[in-house]
Amino acid sequence: MDVSLLFPLGWQHYLIGGLCIGAAVALLYLFTGWIGGMSSVFSSTWSYLVQRPYFQQPRYTGTRVWRLVYAAGLVLGAGVWWLFWGEGEALTTGVPVWQLLIGGFLVGYGARLGNGCTSGHGICGLGSLKKPSLYAVLTFMATAFITANLVAWVYA
Amino acid sequence: MNTTPTPAASPASHLLVALLAGALFGFGLALSTMVQPEVVLSFLRFQDFGLALVMGGGVAVALLGLQLAPRLRGRALLGQPFQTHAAAWDRDTQLGAALFGIGWGLCGVCPGPAIAGLGTGNWALLWALAGIALGALAQGWRADRGHPAR
């Protein structure tokens, strides 16, 4: 079977990138015991500004510092890649602003309601062998497939 | 009146690990081009299966670390207890996962790439970042109204 049919842009960078992401989560856990899902940083950072009880839960106020530092690391690491392996100009996207904003809103709302995103349920949850995370991954993959194809169909 | 529970201070060594682990995570997201919404959307449209490799590779290594570490040691290397990932398959998780997928399919951006993508100078992702932040705010606000004691 022709691999380039499945991976028209090559496959190595996907696999190596994935291994880096897994190693990041594993190392964070091994050294600190913390589980490094990404979506919590949004709720925990709001805890600095919003005094409502939901945001003042210890799971947010007690983790907001390291989660922000972890997020800063994310920008730093992507910046290192861009400096040394990027093509010298900033990346852009052709996805329309309304899709980024409204899609982003649903991503934020859904990830926090469902207590996890692609990294929280996907990498960390599956890595913790949690069945609810497996169901969550299958659910968001299904609705994402449907939505992405529906949008492509509407544009066509 | 301040009812905020005092957060446990995280020593600098913990924060340094968080920064380095975050950097490795962000490097992986950029190298695997997951910071580009078009690549994510092409996976969701069955044109490029790369995201499955990213996810598979990530889960494989995370699985190794998350499963082995607590079996080999009672505490993390820097002395704290190992946390566990709390997850329940309840209505909130079902609805949340479904909504998350709809949003992800619409914009091709999830929380990690929305943050990491800024390191590649992709300022358009600030729109997605703002959307995610507002969504998280709305969720917490609504959660308070539904469960005032929570």
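Colleague: How close do the axes of α8(A) and helix α4 (residues 91-107) of chain B come, and at what angle do they cross?

Modeller: Please note that this is a predicted model, in which local features need pLDDT of at least 70 and side-chain atom pairs count only at pLDDT 80 or more, while totals for chains, interfaces and linings use all residues. Residues are numbered from 1 along each chain as its sequence is written, and chains are lettered from A and ligands numbered from 1 in the order in which they are written. Helices (H or I, at least four residues) and strands (E, at least two) are DSSP runs, numbered from the N terminus, and axes are lines fitted to C-alpha atoms, for helices over the stretch in contact, with angles from 0 to 180 degrees between N-to-C directions. For α8(A) and α4(B), the axes come within 7 Å and cross at roughly 35 degrees.

Colleague: What is the handedness of the crossing of α8(A) and α4(B)?

Modeller: A crossing is left-handed if the near helix is turned anticlockwise from the far one by less than a right angle, and right-handed if clockwise. The way in which α8(A) passes α4(B) is right-handed.

Colleague: Which classes of residue make up the contact of α8(A) with α4(B)?

Modeller: Ala, Val, Leu, Ile, Met, Phe, Trp, Tyr, Cys and Pro count as nonpolar, Asp, Glu, Lys and Arg as charged, and the others, Gly among them, as polar. Sorted in this way, the contact of α8(A) with α4(B) has 16 nonpolar, 7 polar and no charged residues.

Colleague: How many residues of chain A are in contact with chain B, and which helix supplies the largest share?

Modeller: Two residues are in contact if their C-beta atoms, placed from the backbone, lie within 7 Å. By this rule, 113 residues of chain A are in contact with 111 residues of chain B. On the side of chain A that touches chain B, the classes are 71 nonpolar, 38 polar and 4 charged residues. The largest share of that side, 20 residues, comes from α2(A).

Colleague: How many helices and strands are there in chain A, and what percentage of its residues is buried?

Modeller: Chain A has 8 helices and 0 strands. A residue is buried if 20 or more other C-beta atoms lie within 10 Å of its own, exposed if 12 or fewer, and partly exposed in between, with C-beta atoms placed from the backbone. Of the 156 residues in chain A, the buried share is 59%.

Colleague: How many helices does chain B have, and what box do its C-alpha atoms fill?

Modeller: Chain B has 6 helices and 0 strands. Among its 150 residues, 54% are buried. Taken along the principal axes, the C-alpha atoms of chain B fill a box of roughly 45 × 40 × 35 Å.

Colleague: What span should helix α3 (residues 50-72) of chain B have, and which helices do its buried residues pack against?

Modeller: The expected span of a helix is 1.5 Å times one less than its number of residues. The 23 residues of α3(B) should therefore span 33 Å, and this agrees with the end C-alpha atoms, which are 33 Å apart. Buried residues of α3(B) include Gly50(B), Leu53(B), Val61(B) and Leu66(B). The buried residues of this helix pack against α2 and α7 of chain A together with α2 (37-44) of chain B.

Colleague: Is Gly112(B) buried or exposed?

Modeller: Gly112(B) is found in helix α5 (residues 111-116) of chain B. Leaving aside neighbours within four places in sequence, its contacts include Met38(A), Leu74(A) and Phe25(B). Because 30 other C-beta atoms lie within 10 Å, Gly112(B) is buried.

Colleague: Is Leu129(A) buried or exposed?

Modeller: Leu129(A) has its place in the loop between α7 and α8 of chain A. Although it is not a glycine, Leu129(A) has a positive phi of about 55 degrees. Because it has 12 other C-beta atoms within 10 Å, Leu129(A) is exposed.
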